[in-house]
Amino acid sequence: MENLKVLIVDDEHLIRNLIRMRIDWEQEGFEIVGEASSAQEALELVERQKPDIIFTDIYMPNIDGIELSRRVLEKHPQIKIVVVSGHDEFEYAQQSIKIGVFDFLLKPIRAADLLHVTGKLKQKIEEERSRDGELARLKEEMERNLPYLREKFLLQWLQGTLSREEIRKQAEYFKLPAFRHEVAHQIAVVEINPASEKHTEEQLILLGMVCKRNIEAFFQDDPLVTMLSDTRNQFVISSFHPEGDLAETCETLMNRLIASAKCVVNIGVGRKRENLEEAYLGYQEACRAIRYKAFVGNNQVVCFEDTVDSKEETYRSNSELLRQLQFYVSVGSSESAVQMLDHIFDVSFASVSQFRMAAMDVINECQRAAMEQQLEGEQGLNKETLVSIITADNLPELFQTLERYVISISQAIYTKRQAKEGNLISQVQAYLEQNLGDPEVGLASIAGAFFVSPGHLGRLMKKETGQTFVEYLTNLRMKKAENLLKTTDLKGYEIGEQVGISDPHYFSILFKKATGRSMNEYRNAK
């Protein structure tokens with residue numbers, strides 16, 4: 001500790017000099033910063049030198065030592081005053097202690113007495129300064145922790161653990177002017193999540209810090225709004241505006257947060273409450289409103305009052321709709337399959353688990369169609385799609401994933417059917433080439449050989465070749481007949497038998513119709 005500053009006050013120079021010379025002040029940790037011969041002069045020196053200790057005589061002209069002490073202590077209570085008095089002034093000196101004088105010395109002043117008093121002075125001042133320093137540190141620490149203490153109070157308020165009087169007192173202490181107004185308050189809860197599923201813990205913390213700073217900046221000029229972070233790492237906004245729409249304000253805030261950071265924002269807004277003690281009800285409503293994101297999706301502002309009247313139904317499988325879905329998927333009609341998906345999900349689900357049940361119904365029907373059409377491996381359902389469907393936490397996201405899945409399965413089946421149908425016609429054409437001489441070959445026999453219906457085969461033949469089955473078979477036979485006429489000496493009826501037409505007359509008619517000439521004309525012209 002630095003040397004303590006001492007001021008000596010006495011109208012007699014010899015007394016002042018005696019006090020100065022009695023002990024080694026510097027060795028004892030003191031420094032005499034001034035002497036005064038009157039109380040008026042002492043008062044001036046006190047203001048200039050700011051002494052720690054004053055030694056003053058009682059009797060002095062105009063203003064005595066007791067009055068000087070009173071004036072000094074009124075303005076500077078931390079200064080320690082020692083009154084110097086004679087034996088006949090002892091009773092008078094004792095009275096001076098009542099006004100706050102630290103101690104007194106009797107004349108004649110002895111070194112031992114002076115050392116005893118200065119020792120006590122030094123100890124007392126050191127104790128006080130240590131205590132003052134500790135108090136200053138505590139005050140500084142409290143100032144540093146004020147935001148935390150303020151947030152703790154607000155959390156207690158939201159939890160409903162404080163009385164109205166406690167709320168008002170603490171709001172006054174933490175300088176929250178919004179709480180002074182006798183108006184309704186409204187609470188919103190802001191939930192922030194990263195836009196990407198792949199993120200580190202550090203990125204999550206940084207995102208929270210960025211968003212907190214942005215929310216504070218958004219409301220920084222509004223004394224009627226408070227903001228804090230709750231135990232769920234959500235941001236809670238309390239508005240005491242008598243007028244105005246907090247939901248509309250939150251829409252603007254949400255858009256600003258999304259624009260400034262890559263994040264997903266969901267905001268729930270509770271109903272207005274008249275009483276300060278009901279804050280916990282508004283807070284609970286806002287938290288429940290956020291959970292409604294399961295039905296409306298992300299990046300939404302949901303008001304609790306809009307959810308309480310919603311007619312939620314218990315999901316029950318609709319076998320007819322599911323049967324139609326399977327049919328449209330099986331035939332590769334993705335557009336009709338998506339329409340069926342819309343009908344299946346055209347209900348108000350009561351919980352996340354219920355729309356996941358509906359999703360599993362859809363998956364089962366699509367998988368049944370995929371197995372019937374013999375789709376292989378991940379053409380049916382890959383693990384990533386299945387995980388996305390099962391873990392989806394909101395209905396819009398789930399529906400989009402299901403829609404993509406239904407379209408994917410339908411298109412895969414359509415592509416496979418197209419390839420299969422094209423391959424079937426190729427096989428039929430090859431079969432006809434090899435069995436052209438068989439008069440029993442026809443649409444019914446070929447359909448039976450390839451395990452398809454005659455009608456289906458006929459339609460595929462027309463689609464792939466542009467001709468009916470009979471037209472295609474007849475043209476194939478006539479081309480074979482032309483080739484035989486050019487390359488052999490077989491008679492007409494023999495050629496007819498070679499191409500599967502045993503009736504010579506009917507063969508002649510067909511040949512002339514196909515080539516425009518009779519067989520003799522055709523052979524003679526070669």
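Strands here are DSSP runs of E with at least two residues, helices are runs of H or I with at least four, and both are numbered from the N terminus. Two strands count as paired if DSSP finds at least two bridges between them.

Before going on, a word on the source. This is a predicted model, where local features need pLDDT of at least 70 and side-chain atom pairs count only at pLDDT 80 or more, while totals for chains, interfaces and linings use all residues. Residues are numbered from 1 along each chain as its sequence is written, and side-chain values use heavy atoms, with hydrogens and water left out.

Back to the hairpin. Ser229 stands opposite Phe235 in strand 8. Five residues lie between the two strands, and Asn233 takes a positive phi near 60° in this hairpin.

Is strand 7 buried or exposed? Five of the five residues in strand 7 (residues 225-229) are buried. Buried means under 20% relative accessible area, exposed means over 50%, and partly exposed is in between, using a 1.4 Å probe and protein chains only. In a regular strand, side chains alternate between the two faces of the sheet. Here Val225, Met227 and Ser229 are buried on one side, and Thr226 and Leu228 on the other.

Next, Val190, which is found in strand 6 (residues 186-194). Val190 is buried, at a relative accessible area of 0%.

Five strands pair in parallel in the order 2-1-3-4-5. Strand 2 (30-36) and strand 5 (103-106) stand at the edges with a single partner strand each, so one side of each has no neighbour in the sheet. On average, neighbouring strands of this sheet are turned by 20° against each other, direction ignored. Angles run from 0 to 180 degrees between N-to-C directions, and axes are lines fitted to C-alpha atoms, for helices over the stretch in contact.

Strand 1 (residues 4-9) pairs with strand 3 (residues 53-57) over four bridges, and Phe55 in strand 3 is the bridge partner of Ile8. Which strands does helix 1 lie across? Helix 1 (residues 13-22) lies across strand 1, strand 2 and strand 4 (80-85), at about 175° to strand 2. Helix 3 (residues 65-75) lies across strand 1, strand 3 and strand 4, at about 155° to strand 3.

How values were computed. Contact means heavy atoms within 4.5 Å.
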